[in-house]
Amino acid sequence: MNSRTLHKISYGMYVISSVKEGKFNGQIANTVFQITSEPATIAISINKQNLTHEYISASKIFAAAVLSENTPLKFIGKFGFKSGREIDKFEDTEFKTEKTGTPIVTENAVAYLEAEIINSLDAGTHTVFLGRVVGAEILNDEKPMTYAYYHQVKNGSAPKTAPTYIKREKEKIIEEKKSGASKKYVCMVCGYIYDPDKGDPDDNIPPGTPFDKLPEDWTCPVCGAGKDEFEKLNTVIIGISKDSPKSHVKFIDKHNLSILILSDEEHKVLETYGVWGKKKNYGREYFGIVRSTFIIDPDGKIRKEWKKVRVAGHVDAVLDTLKKLIEESP
Ligand SMILES: Cc1cc2nc3c(=O)[nH]c(=O)nc-3n(C[C@H](O)[C@H](O)[C@H](O)COP(=O)(O)O)c2cc1C
């Protein structure tokens, strides 16, 4: 399967909002689809971890505000990268309530729909809610923002909770790294890329402003992370295994990797690092690699090692340790 095919699907940009026990919350979603016209029904796909999911499940109502092309990244960052569990997103957002009592975001919106849930489908990480439209208005003539516009023109990114996340954000970063575009900086929190050629128009940073000339209190226009979260980790990632160079090349091509992968067919380096050992599988004993990660500092000292690595959560653990070590280094 070519997962890039999924990138060819088009979407819009919306704020989905709902209410629970008088409290309001909302989130960005690109997944709003009209399902039928008579009666008008729409569907949304919402991550089960989101507070908005909890509110929709409880009240069985939601509103979808169609965002304008002029929506600032900060606004998308507030609704799309922060959870209502941390901040009150409606505190400083223009909204109104109509028939259902659910908050309808009017700020940066060109139109809105209100819907009552008539069915839902458990889709694993997400729930697909089907809603009957009970109210809808057009607010102005501005152009609705498409998902493609958000990515290509606004240079925006999406978090892991977005159904479309796939590895698009990661691929974007890999492409940037491959192109050797060292003047661009990546936000390690949300994947937003600061491109000096574009500047940050939302924050009045003109094109041509290098990253180090940005004000110290400048923050990521999408997720609000500080400038230090953009700092290049200045880290080289090297993968090493006993597989042949030929098989490595195949693997690199298949997964579009930009990291360096070394082949140690005679497992000399692997033995030096103590990761070549006896393994057992269904009672059968054999020699193989104990999957391990090492962080080596510029003096060649191993600063941290993980043995018998399980992949889930490991990347974040390594990244966190790396950031800490860099902070601690003189
Ligand atoms: C561009 C973009 C598209 C997104 N699309 C969806 C989506 O369709 N469904 C979803 O559940 N989350 C999506 N998200 C992620 C949520 O907006 C995000 O997880 C939010 O912080 C959840 O907030 P909450 O916990 O307050 O509900 C998207 C985020 C962005 C930035």
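**Ground rules.** I am working with a predicted model, where local features need pLDDT of at least 70 and side-chain atom pairs count only at pLDDT 80 or more, while totals for chains, interfaces and linings use all residues. Residues are numbered from 1 along each chain as its sequence is written, and side-chain values use heavy atoms, with hydrogens and water left out.

**Whole chain.** I looked up the secondary structure and found 7 helices and 17 strands in the protein chain; helices (H or I, at least four residues) and strands (E, at least two) are DSSP runs, numbered from the N terminus. Of the 330 residues, 41% count as buried, meaning under 20% relative accessible area with a 1.4 Å probe, protein chains only. The chain exposes about 19,300 Å², and carbon and sulfur atoms supply 52% of that area; the areas come from the Shrake-Rupley method with a 1.4 Å probe. I also checked contacts (heavy atoms within 4.5 Å). Among those between residues at least 6 apart in sequence, 53% join residues at least 24 apart.

**Ligand shell.** Which residues come closest to the ligand? I noted Thr31, Asn47, Thr52, Gly84 and Thr161, out of 29 residues that surround the ligand, each with a heavy atom within 4 Å of it. The shell divides into 12 nonpolar, 15 polar and 2 charged residues; Gly is counted among the polar ones. The largest share, 5 residues, comes from β2.

I used pairs of N or O atoms within 3.5 Å. A polar side-chain atom of serine 83 lies 2.7 Å from a ligand oxygen, and one of asparagine 25 lies 2.9 Å from an oxygen atom of the ligand. Serine 45 uses a backbone N or O atom instead, 2.8 Å from a ligand nitrogen. Taken alone the ligand exposes 650 Å², and the protein buries 97% of that. Elements that give two or more residues to the shell are β2 (23-29), β4 (40-47), α1 (51-59), α2 (73-80) and α3 (147-152).

**Lysine 227.** I found this residue in the loop between β11 (193-194) and β12 (238-241). Is lysine 227 buried or exposed? Lysine 227 counts as buried because its relative accessibility is 10%. A polar atom of its side chain lies 2.9 Å from the backbone oxygen of leucine 214, and the side chain reaches the backbone oxygen of phenylalanine 211 at 3.4 Å. Leaving out residues up to four places away in sequence, lysine 227 touches Phe211, Asp212, Leu214, Pro215, Glu216 and Trp218.

Key. A polar contact is a pair of N or O atoms within 3.5 Å; within protein, one must be able to donate a hydrogen and the other to accept it, and residues adjacent in sequence count only if both atoms are side-chain atoms. Buried means under 20% relative accessible area, exposed over 50%, partly exposed in between (1.4 Å probe, protein chains only).
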